[in-house]
Amino acid sequence: MAAATLPPASSSAAAAAVRSLARAVPQRHQLLLHASRRGRGHRHPLPLTAVSPWRAHLRRALSVSASGGSNGAAPVSAEREYDYDLFTIGAGSGGMRASRAASALYGARAAVCEMPFATVASDALGGVGGTCVLRGCVPKKLLVYASNYSHEFEESRGFGWMYETDPKHDWRTLITNKNLELQRLVGIQTNTLKNSGVTMIEGRGKIVDPHTVCVDGKLYTAKNILVAVGGRPSKPNIPGIEHAIDSDAALDLPSRPEKIAIVGGGYIALEFAGIFNGLKSDVHVFIRQNKVLRGFDEEVRDFVAEQMSLRGVKFHIEQTPQAVTKSDDGSLSLKTNKETISGFSHVMFATGRKPNTKVDEYSRTSVDSIWAVEIAVPSAVFSQPPIGQVGLTEDKAIETYGDIDVYTSNFKPLRATLSGLPDRVFMKVIVCSKTNKVLGVHMCGEDAPEIIQGIAIAVKAGLTKQNFDSTIGVHPTTAEEIVTMRNPTRKVQRDTASEVC
Ligand SMILES: Cc1cc2nc3c(=O)[nH]c(=O)nc-3n(C[C@H](O)[C@H](O)[C@H](O)COP(=O)(O)OP(=O)(O)OC[C@H]3O[C@@H](n4cnc5c(N)ncnc54)[C@H](O)[C@@H]3O)c2cc1C
């Protein structure tokens, strides 16, 4: 076996690797971490949603593991030899980055195990790249691109384009090309790991003791074990749920849904609603609450639902699914607390994901839940129209800072003047009244995710509304509106401001 120790600064090196790792992982990436350590009774699956807590957890996870544990457990002998310094289970976004950083940046002997490639994940199948590359961000965005065309075809008529018949879409071409691209990406990701010096082991990993992982019957020892196994879609346990699909399956259907029920009001549900609506399916979205996108800015929540409705998505609010039934002709019905709607070719649940926590008794963490709010975390929803946001929502800004100035703009973009479509853009800038600092920017409309990425730099840098106002707008663009909102739409005052911006 190879020598046992990392370089002298192993813990801090691992922590530092993790810091760079944390920067690279998108906000919505949820990483379930378990620090391998001795002792019992600490099992905290940690679905982590923000960069800061994620970074903090992982930093602690690695340093705890590297030091051999605490909590009264005997320290791991410095003389003990291991096959690897770091063994990572799962080569998704988190596992890939951790292994690469440990190996390439800090010279650690790193290995990662991952299950064979499949478009739909299971207990035995996954693939290098994980959810983001194979069943999340990437394939989803490819389908969003595909579905955007129908709106553009509609827009084009106002600009003089004439079609005898509407363009037809071939679902099979889309899915075939998407899957070829995914296979190409798996190859690239695998090579990236190898080029970084990480040993890639194919198979399902299982922790057998605090320093040993079993992959398909073969044992590997490691000083540190990082479990980065992500999660899988979960569906509620209601009658007929076996007839429903999840997001994995929805990205790889053999044919386009004619009429689809999408259960859920989160970003995945809205993104798929946009995809299928754009590809001309009849789309019904069922949400338990009275609004989509809990946690987003209230005005954005209203605006996106209204715009999606104008594009043809039907929302069924305050409805809890109770059963799915299949008729003799194969069509599906969805029964909720309020109604039963029939004739669906597909019923999809986008109601959450559950962590892949099927690891053995040693896979438990003492990692404290250190949650912190990072003020400038940008994120996007690739709905149609899409959303981009950075910083605080209006409610959160009032709660945190008290007095704020809110600038909003709701306008018809230039493109919609000739297209004749009811498309609009909504923008909102939230400013601290006392310091003039921009606390949040929210946008729903064409190119919002692209625009917000640039704005995020300014918000993260703590720039003021004055800085925004003194910036010359690029004309004619949609984004110029962000630097030309001169008068607040409203000033919100709250007496008990709790923090200084
Ligand atoms: C439909 C959808 C759309 C999304 N869109 C976006 C987006 O636009 N932007 C964004 O930032 N995020 C998006 N996300 C979220 C993002 O994909 C995840 O947050 C991210 O992939 C999580 O990374 P991870 O490394 O924690 O887990 P994963 O990527 O899930 O990786 C875990 C890996 O571990 C493997 N594994 C599990 N168990 C074992 C085992 N026992 N042995 C070996 N390997 C194992 C799995 O096969 C998997 O490859 C989306 C997610 C979904 C589902």
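Modeller: Ground rules: residues are numbered from 1 along each chain as its sequence is written, and side-chain values use heavy atoms, with hydrogens and water left out. Since this is a predicted model, local features need pLDDT of at least 70 and side-chain atom pairs count only at pLDDT 80 or more, while totals for chains, interfaces and linings use all residues.

Biologist: How many helices and strands does the chain have?

Modeller: Helices (H or I, at least four residues) and strands (E, at least two) are DSSP runs, numbered from the N terminus. On that basis, the chain comes to 13 helices and 21 strands.

Biologist: What share of the residues is buried?

Modeller: Buried means under 20% relative accessible area, exposed means over 50%, and partly exposed is in between (1.4 Å probe, protein chains only). Of the 501 residues in the chain, the buried share is 53%.

Biologist: Among contacts between residues at least 6 apart in sequence, what percentage join residues at least 24 apart?

Modeller: A contact here is heavy atoms within 4.5 Å. Taking the contacts between residues at least 6 apart, the part that joins residues at least 24 apart is 70%.

Biologist: In which sense do β1 and β2 pair?

Modeller: Strands of a sheet pair through backbone hydrogen bonds, either parallel or antiparallel. F87 has A111 in β2 as its bridge partner. Four bridges join β1 (residues 84–89) and β2 (residues 110–114), and the sense is parallel.

Biologist: Let's do rings. How many aromatic pairs are there in the whole structure?

Modeller: Rings of Phe, Tyr and Trp (its six-membered ring) pair if their centres lie within 6.5 Å; planes under 30 degrees apart count as stacked, over 60 as edge-to-face and the rest as tilted. Searching the whole structure gives eight.

Biologist: Which parts of the chain does the pair of F153 and Y163 tie together?

Modeller: The two rings are edge-to-face, 6.1 Å centre to centre with 80° between the planes. F153 is partly exposed at 31% relative accessibility, and Y163 is partly exposed at 25%. The residues are ten apart in sequence, so the pair ties together helix α5 (residues 137–158) and the loop between α5 and α6 (171–195).

Biologist: Are F286 and F344 buried or exposed?

Modeller: This pair is edge-to-face too, at 6.3 Å centre to centre and 80° between the planes. F286 is in strand β9 (residues 282–286) and F344 in strand β13 (residues 340–344), 58 residues apart. With relative accessibility of 1% for F286 and 0% for F344, both count as buried.

Biologist: Which charged residue sits over the ring of F344?

Modeller: A charge sits over a ring if NZ of Lys or CZ of Arg is within 6 Å of the ring centre and within 35 degrees of the ring normal. The charged end over F344 is 5.1 Å from the ring centre, and it belongs to K259.

Biologist: How many residues lie between β12 and β13 in their hairpin?

Modeller: Strand β12 (residues 332–336) has four of its five residues buried. Three bridges join β12 to β13 in antiparallel fashion, with L334 opposite I341. The number of residues between the two strands is three.

Biologist: And in the hairpin of β11 and β12, which turn residue has a positive phi?

Modeller: Strand β11 (residues 321–326) runs antiparallel to β12 and is joined to it by five bridges. P321 stands opposite T336. Five residues lie between the strands, and the one with a positive phi of about 90° is G330.

Biologist: Last one: which residues does V186 contact, beyond its neighbours within four places in sequence?

Modeller: V186 is in helix α6 and is buried at 15% relative accessible area. F117 is 69 residues away in sequence but 7.9 Å away in space, C-alpha to C-alpha. The contacts are F117, V128 and L134.

Technical notes:
Pairing = 2+ DSSP bridges.
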